[in-house]
Amino acid sequence: MSWSHVIEAYDLLDTPAADGASVAEYLRRHGAAEDEVVVETVAGEGGSTDFVRVTVAGTAGAASGGPAPTLGILGRLGGLGARPEQIGFVSDGDGALTTVAAAAKLLDMRRRGDTLPGDVVLATHVDPDAPTQPHDPVPFMSSAVDQEVSNRHEVLPAMDAILSVDTTKGNRVCNHHGIAITPAVVDGWIVRVPETLLDVVSRTTGRPPVVMPLTMQDITPYGNGVYHVNSILQPATATAAPVVGVAIVTETAVAGSATGATDLGTVETAVRFVIETAKDYGRGIARFVDADEVRRLRELYGPMSHLRGAGEPAAR
């Protein structure tokens with residue numbers, strides 16, 4: 001269980017003073033080496049934010065020259081707070097909260113001797129006073145920096161697969177309280193939901209797995225003028241590695257800028273899900289895609305990688 005880490009991380013992030021330095025210090029207290037945590041402050045039109053990244057090396061991972069694959073766990077969000085417009089931690093911060101708590105739990109596991117085979121790289125950003133923006137059916141949180149900047153700081157070439165954790169409450173297409181996963185997205189293709197990850201959802205929730213639907217629009221970059229359910233699959237625009245979204249969802253549409261909307265029980269479930277996936281992925285039990293099937297799709301229909309770019313207006 002990860003309850004203590006979720007509560008600690010929530011207290012750490014639920015403050016106007018939250019920043020990358022405090023998160024880095026928290027992770028070091030749980031066993032991260034000095035060079036395992038990276039903090040980068042980036043300024044944008046909407047202010048500045050701190051990107052935080054920690055690598056939890058495995059027993060047979062790339063960091064030690066081993067063959068085990070590397071999993072990326074990204075906490076996607078606009079901001080932890082919308083101050084001064086809102087007072088306190090906003091719903092949009094759940095992705096960052098999940099990632100910070102999961103990092104602390106993985107570090108504690110390693111310190112106690114439960115080391116995973118593969119490396120796990122966890123990244124998010126810390127901004128307690130991000131702007132908001134209009135969105136249908138409920139307002140979104142915006143960000144101090146755009147998605148391309150977030151991808152540059154969070155999506156690494158070393159990641160063989162990625163879990164993107166994001167609050168996904170502001171919609172009417174996944175009316176469920178808890179977590180849901182998306183189909184896998186690989187280099188512009190939306191492919192089948194990974195069966196092995198459905199297994200992990202079932203064992204961590206004790207319930208039938210719920211799948212968050214995707215459209216082609218959702219896997220294209222922000223800024224192209226089309227509707228996106230949210231930023232959960234934006235990491236897929238920056239890598240050819242498979243990406244699966246981990247959506248924290250609710251039965252009603254809840255604004256990303258809403259306070260008092262974080263359900264710590266759901267966050268703790270998300271933490272257990274990403275950790276259990278990391279265990280299985282590093283051991284070769286969990287697979288995000290069927291490589292042969294993806295290869296066959298490309299042979300039959302060609303590449304879809306152009307969907308990762310900004311696109312060009314079609315000739316009329």
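This is a predicted model: local features need pLDDT of at least 70, side-chain atom pairs count only at pLDDT 80 or more; totals for chains, interfaces and linings use all residues.
**A helix, a core and a threonine**

Is α3 mostly enclosed or mostly open? Here we can count: 17 of its 19 residues are buried, so the rest of the structure largely encloses this helix.

Now, the core. The largest nonpolar core holds 84 residues, and L27, L122, L163 and F273 have the most contacts inside it. Helix α3, residues 94–112, gives this core its largest share, 10 residues.

Let's pick L122 from that group. Leaving aside neighbours within four places in sequence, L122 touches several residues, including V52, V54, I73, T99, A102, A103 and L106.

My last stop is T182. Where do we find T182? Look in the loop that runs between β8 (178–181) and β9 (185–186). T182 has 0% relative accessibility, and buried means under 20%, so T182 counts as buried.

What is T182 in contact with, beyond its neighbours within four places in sequence? The list is V193, P194, M212, L214, I232, L233, V244 and G245. Take L233: it sits 51 residues from T182 in sequence, while their C-alpha atoms are 9.0 Å apart in space. And with G245 there is a polar detail: a polar atom of the T182 side chain lies 2.8 Å from the backbone nitrogen of G245.

Notes
Residues are numbered from 1 along each chain as its sequence is written. Side-chain values use heavy atoms; hydrogens and water are left out. Helices (H or I, at least four residues) and strands (E, at least two) are DSSP runs, numbered from the N terminus. Buried means under 20% relative accessible area, exposed over 50%, partly exposed in between (1.4 Å probe, protein chains only). Contact means heavy atoms within 4.5 Å. A polar contact is a pair of N or O atoms within 3.5 Å; within protein, one must be able to donate a hydrogen and the other to accept it, and residues adjacent in sequence count only if both atoms are side-chain atoms. A nonpolar core is a set of buried Ala, Val, Leu, Ile, Met, Phe, Trp, Tyr and Cys residues joined through side-chain atoms within 4.5 Å.
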